[in-house]
Amino acid sequence: MTATRLAPPARPARPAYTTELVTDARAFAALAPQWGRLFARCGAATPFQSHAWLHSWWQSYGTPGRLRLLLVREGGELVAAAPLMLRRTPVPALVPLGGAISDYADVLIDDGRSRPAATALAGALGEAARTALIDFREVRPGSAVEQVYDRWRGPRHRAPDSLCLELPALPLDELVTRLPAARAQRVRAKQRKLRALGVERRLVRPEEVDAALRRLLALHRVQWQGRGVTPEHLRSRFGEHLVRAAGPMVRAGEAVVTEFRLDGEVVAVDLTLLSRRLVGGYLYGAHPLLRERKADVAVMLLEACTAHTGEGAPDTLSLLRGDEPYKHHWRPRPVVNERLLLARRRTAPLLTAAAGEAALRRRAGQLLRRRPPSP
């Protein structure tokens, strides 16, 4: 009797990758559940790529008719997304949503499908760009969009962008041990001072977030009165964006709002943003009374931020953009964001012009920093 060898069952074919260009704001809103699942599967994502942050930003800052969302799906599942908009000046360009109020820009790519999804996204970007340059500012090293850059077949260029400062995501007591002995002693004394004053902190519940964010913005305005402040932080569109984005982000575990009380009154409110690999304090408001009572607000805020570090938490505590002297007290690691420029053959002159302009700006900034102070 002759045995018959059966062929192994055929593996089901994986669904093909398809791409889509979304330009309708209502369709953007409807993407929230799919976007959230993809965000959770993209380890490089920062809080600034969450759907709540980007969609709220678009509502406050977007220009009708300029939305350009590039989506890649495997079957019906979203596996990559590039949240972009069309900017017409100074040169036509596709730029990330989030603008100047977002410290990091990126795309989302499913970690489990990174190679084919990144390849498909690069192709979709090439088709969508047409006569526009693709200009990614504030790209954190290790970002998902670097996979697109590596697969780009046309002209490309990378250049330094803003400086960020980063710490390991450790509890404050462990961060203090990294400091020189004298400085560590001063920080511990400031912690004791906060406890002696009776400053209490509590996490704001999701249903309380809107009111807490409005208090944050009011305190932020008071604390900077008569001093230099980022003008955008005082504008109503920024406040509306922050209040609108924070509630969904808190519910999704992408943000934490903390209130600080002294003698029963709220004297400070902090908004900390979270993702799988990164935690960072984004904005706070503090009443001048704290400084009058000799409370060190920076230590108070960092202690609250580090409460969200530890085992199973993000591995990076980002102090976000900026080279302020107080940040250097903690011996952070400097990390320079990058600017990634992508072009098609026909738009190569736009890339050359943008790269030249960026180099001139960097050189001008270096010269200004080296200039001796006026007598």
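**Figure 1. Salt bridge between E138 and R321 in the predicted model**. E138 and R321 form a salt bridge (a side-chain nitrogen of Lys or Arg within 4 Å of a carboxyl oxygen of Asp or Glu), with the closest N and O atoms 3.5 Å apart. The two residues lie 183 residues apart and connect distant parts of the chain, E138 belonging to strand β6 (residues 133-139) and R321 to strand β12 (residues 316-321). Strands (E, at least two residues) and helices (H or I, at least four) are DSSP runs, numbered from the N terminus. E138 is buried at a relative accessible area of 8%, whereas R321 is partly exposed at 23%. Buried denotes under 20% relative accessible area, exposed over 50%, and partly exposed the range in between (1.4 Å probe, protein chains only). The model is predicted, with local features requiring pLDDT of at least 70 and side-chain atom pairs counted only at pLDDT 80 or more, while totals for chains, interfaces and linings use all residues. Residues are numbered from 1 along each chain as its sequence is written, and side-chain values use heavy atoms, with hydrogens and water left out.

**Figure 2. Salt bridges of E232**. E232 forms a salt bridge with R235 at an N to O distance of 2.7 Å and another with R237, for which the closest N and O atoms are 2.8 Å apart. E232 is buried, with a relative accessibility of 11%.

**Figure 3. Salt-bridge network including R202 and E259**. The search of the whole structure finds 30 salt bridges.

**Figure 4. Aromatic pair of W53 and Y282**. Six aromatic pairs are found, where rings of Phe, Tyr and Trp (its six-membered ring) pair if their centres lie within 6.5 Å, with planes under 30 degrees apart termed stacked, over 60 edge-to-face and the rest tilted. The ring centres of W53 and Y282 are 5.2 Å apart and the planes meet at 80 degrees, so this pair is edge-to-face. W53 lies in helix α3 (residues 51-61) and Y282 in strand β11 (residues 278-286), 229 residues apart. Both W53, at 1% relative accessible area, and Y282, at 13%, are buried. Together with F48 and Y104, W53 and Y282 form one aromatic cluster.

**Figure 5. Arginine charges over the rings of Y104 and Y149**. The charged end of R140 sits over the ring of Y104, 5.9 Å from its centre. R158 lies over the face of Y149, 4.8 Å from the ring centre. The criterion is NZ of Lys or CZ of Arg within 6 Å of the ring centre and within 35 degrees of the ring normal.
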